[in-house]
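Hi,

Here is the structure I said I would pass on. Have a look at it first, and then read on for what turned up in it.

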Amino acid sequence: MELLVASGIGLVAACGVYLLLRGRTFPVVLGLVLLSYAVNFFIFVMGRLTVGGAPIIAPETGTYADPLPQALVLTAIVIGFGMTAFALALAIRLRHETGSDHVDGSEQPTANTCNRTR
Amino acid sequence: MSAHLVSLPVLIPLAMAALLIALSVERLPAQRALSIASCVAQLAVAAALLASSTSGEVHVYSLGGWPAPFGIVLVADRLAALMLTLTAIVAIAAVAYAAGGWDARGRYFHPIIQFQLAGLNGAFLTGDLFNLFVFFEILLIASYCLLVHGLGAARLRAALHYVVVNLAASALFLVAVSLLYGVTGTLNMADLAVRVAEAQPLNFAPIASAALLLLVVFGVKAAAFPLYFWLPGAYAAAAAPVAALFAIMTKVGIYAIIRVHGQVFGPDAGLLSLVAAPWLVPVALATIVLGVLGAVAARTLTGLVAYLTVASAGTTLAAVGLLTAEGLSAAIFYMAQSTLAIAAFFLLVELIVAQRGDAEDTLEVGRPMAQSALLGALFLVAGMTAVGMPPFAGFLGKLMILQAARETAAGAWIWIALLGTGLAALVSVARAGSAVFWRVLPGSPAGAIARPVALVPAVALAAVGVAMVAFAAPLKSFADAAAAQILDRGAYVEAILGPPQGVRQ
């Protein structure tokens, strides 16, 4: 099971990184989503994989599922959700302002923004 | 009361932000008054913490009364109190400056700035790594909103890059944090410090990789080479008060590096100690060189200041990278003065731009300025402080770094980099100053004189920076004590976890 989970996380992360490096805003946002899925699953797995274990420590249970990574992953999911929504809104706004969905706001390579007048 | 003092720097801005959202946008004067009052209250709390931390006491606040390795703690030692004070000073100036008109150009400027302050203060106070992540996210989402404040295509473009880079960094942060938890079973920094020192050799590789991943994440925040490319675009595109507040944001990254790599993985952390040491100084020196090259090549004033920010982050990081008490002390002093100088510089640049008419912030020939003598004098002070020329505080900071580096292995490289780039930075600032103030067309001034509400915050920030020269001796001894406290892991762990023989699983 460890191999399956680890390679699954690796595959999702690789897809996320690939999409993150694309030139259009929509694939970039999707890439961020995939990356955060992979990371969330990674956090979850860091509590070790247990099947049928109790969620709390009790003297009579031999194996238990570590509840802390589950709490951490919930926080990470909520934060990731909010950030994705913001990135999406920003991408749409950029598309409206510049008329292009390229991450640089135009199809042509542009000079560094700090060297141009506002 | 005093027991809860440590929680106030987070609670005051959070409560104020909620209140300010409830206030309708039409009541801008009330929003401004409340926002300033909140910043002043934060300064008062930070000053109280600073005063009580001088004795060396580490204030620990357990949220909900849960004891340390299991519950969440806020920790205020000397360095944290100093950073809180700096944040509050810059925040007061930024909010006062924004009250001159910037805050009317979007709906929720003041609430968002309070959220940003809550995130900043929390990041300085938190005692465990996961909450460091949470407070980073709070300050980041607020900074995303502040960066696009005022809108426009240039800001949105810079913001998209900034957001994507930081979201990718957040993903790495989570990987590093969960890896540390998976191996050591704790996220509390004090507990982590104990367990890292006792780690089994089998676990060295995952712990070291998590520590270096954290260095990458903090390097993105601190704008260290090769992760600084987001900064010049973002800072140059941001509104002036926002850019001034962002001056403290690169320092959050450096602060986190000091906490994690200077303290948790510090000199006494057993076989895993100083895991980041081979990386810090080379990265810092590359950052300084590229930052100064960018400043020399900059064709606008905002670009110049943005690249000087990168260079100052690199200079601080070089001193941190020594990982000695002397180096950390020099880093703390340099960090404090450069934050104020950069913040003042960003405010000043907008005052200059407003009086230059069509030339705006390019280094081209423009019409004469209405207040060129006053703004020129301020430019001289801010520029020479940022470059590190005597008699300003930047010079003292650089001198301390050079002294600290003298006897170390990397000393020669640091001396070469700091002295060489100092000259180049001086050239860049002198060139910009002469282009803006001396090469003017004949004719009448382009803009009206600056209003006091805009002028006073910039002057006050510059004045605080100059005052640091007069009070350099007490500040330096405070920085020495703060650095010693960072490196004294035993006392830190004992303050948070209790005496060593206590119940720890």
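**A buried loop residue, and what surrounds it**

A223(B) is buried, with 28 other C-beta atoms within 10 Å. "Buried" here means that 20 or more other C-beta atoms lie within 10 Å of the residue's own, while 12 or fewer makes it exposed and anything in between partly exposed, with C-beta atoms placed from the backbone. A223(B) sits in the loop between α8 and α9 of chain B, and its phi is near 60 degrees, a positive value in a residue other than glycine. As background, most residues other than glycine have a negative phi, and most peptide bonds are trans.

Before going further, a word on what you are looking at. This is a predicted model, in which local features need pLDDT of at least 70 and side-chain atom pairs count only at pLDDT 80 or more, while totals for chains, interfaces and linings use all residues. Residues are numbered from 1 along each chain as its sequence is written, and chains are lettered from A and ligands numbered from 1 in the order in which they are written.

Another cis bond joins P390(B) and P391(B), with omega at about 5 degrees. You will find P391(B) in the loop between α15 (372-387) and α16 (393-405) of chain B.

L323(B) has a positive phi too, near 55 degrees, and is not a glycine. Its loop runs between α13 and α14 (325-354) of chain B, and L323(B) is buried, with 24 other C-beta atoms within 10 Å.

**Chain B as a whole**

Chain B has 20 helices and two strands; these are DSSP runs numbered from the N terminus, with helices being H or I over at least four residues and strands being E over at least two. Its C-alpha trace spans about 80 × 55 × 40 Å along the principal axes. A compact globule of 505 residues would have a radius of gyration near 23 Å, and the 22 Å of chain B agrees with that. The radius is taken over C-alpha atoms, and the globule rule is 2.2 Å times the number of residues to the power 0.38.

Of the 505 residues in chain B, 62% count as buried. If you take contacts between residues at least 6 apart in sequence, 79% of those in chain B join residues at least 24 apart. Two residues are in contact if their C-beta atoms, placed from the backbone, lie within 7 Å.

One pair of helices to look at is α1 (residues 8-22) and α2 (residues 28-53) of chain B, which pack at an angle of about 175 degrees with their axes 9 Å apart. That makes α1(B) roughly antiparallel to α2(B). Axes are lines fitted to C-alpha atoms, for helices over the stretch in contact, and angles run from 0 to 180 degrees between N-to-C directions. Under 35 degrees counts as roughly parallel, over 145 as roughly antiparallel, 65 to 115 as roughly perpendicular and the rest as oblique.

Further along, G314(B) lies in helix α13 of chain B and is buried, with 27 other C-beta atoms within 10 Å. Not counting residues up to four places away in sequence, G314(B) touches A224(B), A284(B), T287(B), I288(B) and G291(B).

**Where the two chains meet**

Which helix gives the largest share of the side of chain B that touches chain A? The contact takes 36 residues from chain B and 34 residues from chain A, and α6(B) supplies the largest share of the chain B side, 18 residues. By class, that side has 24 nonpolar, seven polar and five charged residues. Ala, Val, Leu, Ile, Met, Phe, Trp, Tyr, Cys and Pro count as nonpolar, Asp, Glu, Lys and Arg as charged, and the others, Gly among them, as polar.

Across the contact, the axes of helix α2 (residues 25-45) of chain A and α6(B) come within 9 Å and cross at roughly 15 degrees, and α2(A) and α6(B) are therefore roughly parallel to each other. The residues of this contact divide into 13 nonpolar, three polar and no charged.

Finally, L20(A) is in helix α1 (residues 2-20) of chain A. Leaving aside neighbours within four places in sequence, L20(A) is in contact with V28(A), G31(A), L32(A), L35(A) and A168(B).
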